[in-house]
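Student: Could we go through this structure together? I would like to see how the terms are applied.
Tutor: Gladly, let us look at it first.

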Amino acid sequence: MRESFRHLEQNQRVDLIGLGNAIVDIIVNIEDEFLEINNLEKGSMNLINSDESQKLLKNCQVIKQISGGSSANTVVCLAGLGNDVQFIGRVKNDQFGNFFSSDIKKSKTIFNTPPINEGASTAHSIILITPDAQRTMCTYLGASIEFEPKDIDCSLIKESKYLYLEGYLWDSVLAKNAFLKAAQIAKLSNTKIILSLSDSFCIDRHRESFLELIDNYVDIVFCNESEVLSLFEKDQLANCQEDLSSLCELVVVTLGSDGSLIINKNKSEVIKSIIKGKVIDTTGAGDIYAGGFIHGLINNYSLKKCGEIGSICAGQIITQLGSRSNIDLKELIK
């Protein structure tokens, strides 16, 4: 598959702008019993309030904190691979907000969104890792859902080759409006629009409007198998082939240990998974896969090579705790 998605617009000096929830990931190891006690479904993403967050954190030991969020993970991966990328997300001028800002900048990601001084505190997500490496997320969205159109620098999007949007933003009316404004600017600027579907529960909440968004604006979709089944209300991936090939220009479906599926119009290709060791934590694996894949697109590689780079990056990230690679991904890919 040698389809090209490269831009030749002279004014597009930024490789990618990512919009998303600016969230501090708090990584915790737990036993399955902890999920049962707290009535949590393994592998789910749960929205919680500030009180529920404090209660959960009181009963478990924090191992690691990272500047996270789905889009931020992808952007940081791209920065690590040497691309010129920026992230736009909303934080408060508080302890978590200051941590997020300093931590994401360490990756050479540009993050210039000014913090707010009033309102909800910075978002954070408690990521509960069970011994089978499954992750269950309990997320307090806080300031991130107050993300609004005025937080977006329109000139930045016009200067970018790609605009990357995470589906989680669709849960907030304000953020949804910001999301649509960014998509409209990108479309007028010939900036390719990438959507990550984020979560099957999120799709259940917004199925029709997601399909409308993709139809009107989106060039490339990243998703996993459960998200595809939710989007098309089917019970097997094999029954979604026709829907996937007509969804948009390029659809990439991650399949866990079975690799990934690239669908470009009526052509499809399966990419094998490349696991670099014992699986410890699957947090951010799909986000990091997307980062590796988009790195290939930015460099005008074949879609097969894009998929292989995505697999290498994801295969490394699941062998460690958290969504920031402990090793140089550029060297790993070489």
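**Terms and values**

Tutor: I63 is found in strand β4 (residues 62-68), where strands (E, at least two residues) are DSSP runs numbered from the N terminus. This is a predicted model, in which local features need pLDDT of at least 70, side-chain atom pairs count only at pLDDT 80 or more, and totals for chains, interfaces and linings use all residues. Residues are numbered from 1 along each chain as its sequence is written, and side-chain values use heavy atoms, with hydrogens and water left out.

Student: Why is I63 called partly exposed?
Tutor: Buried means under 20% relative accessible area, exposed over 50%, and partly exposed in between (1.4 Å probe, protein chains only). I63 has a relative accessible area of 42%, so I63 is partly exposed.

Student: What makes K42 and D132 a salt bridge?
Tutor: The term asks for a side-chain nitrogen of Lys or Arg within 4 Å of a carboxyl oxygen of Asp or Glu. The N to O distance for K42 and D132 is 2.7 Å, so the pair counts as a salt bridge. K42 and D132 are 90 residues apart, and the pair links distant parts of the chain.

Student: Why is K192 called buried?
Tutor: K192 has a relative accessible area of 17%, which is under 20%, so K192 is buried. Its salt-bridge partner E249 is at 22%, so E249 counts as partly exposed.

Terms used:
Helices (H or I, at least four residues) and strands (E, at least two) are DSSP runs, numbered from the N terminus.
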